[in-house]
Amino acid sequence: QVQVVESGGGLVQAGGSLRLSCAASGRIFGFDGAGWYRQAPGKQRALVAQIARGGITYVDSVKGRFTISRDNTKNTVYLQMNSLKPEDTAAYYCNAVIRSSWGSSPSEYWGQGTQVTVSS
């Protein structure tokens, strides 16, 4: 059983910073990568940043402001968010790609989300 938990959200003023964490626990053989998604009320959930074997990608609206990174020893992925804008306000979700054992195929696991609210 694998559990993915996000943390680090909160209320911040425009121009401020937050660091989100996505920690995976349980039966983990390999942590292949993860993506950060966000969803505002009435909007579709959309990819913000992704880190995987193939590299790192960002949506255009966060390039230069957000940085995704990982700590393999802790099975944790981070999203450093700087120069936050009100339009960044959303629930942020982590999608982790995990292998539970040797030879197994990777599976995707979603966290419960963490709320980020940026005030002006």
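Visitor: Among contacts in the protein chain between residues at least 6 apart in sequence, what percentage join residues at least 24 apart?
Guide: A contact means heavy atoms within 4.5 Å. Here, 57% of those contacts join residues at least 24 apart. Keep in mind that this is a predicted model, where local features need pLDDT of at least 70 and side-chain atom pairs count only at pLDDT 80 or more, while totals for chains, interfaces and linings use all residues. Residues are numbered from 1 along each chain as its sequence is written, and side-chain values use heavy atoms, with hydrogens and water left out.

Visitor: How many helices and strands does the protein chain have?
Guide: Both are DSSP runs, numbered from the N terminus: helices are H or I with at least four residues, strands are E with at least two. The protein chain has zero helices and eleven strands.

Visitor: Which cysteines does the disulfide join?
Guide: A disulfide is a covalent bond between the sulfur atoms of two cysteines. The cut-off used is a pair of cysteine sulfur atoms within 2.5 Å. This structure holds one disulfide, joining Cys-22 to Cys-94 with S to S at 1.9 Å. The pair links distant parts of the chain, 72 residues apart: Cys-22 sits in strand β3 (residues 18–26) and Cys-94 in strand β9 (residues 90–99). The link is left-handed, with -75° about the S-S bond.

Visitor: Are Cys-22 and Cys-94 buried or exposed?
Guide: Buried means under 20% relative accessible area, exposed over 50%, and partly exposed in between, using a 1.4 Å probe and protein chains only. Cys-22 and Cys-94 are both buried. Of the 120 residues of the protein chain, 37% count as buried.
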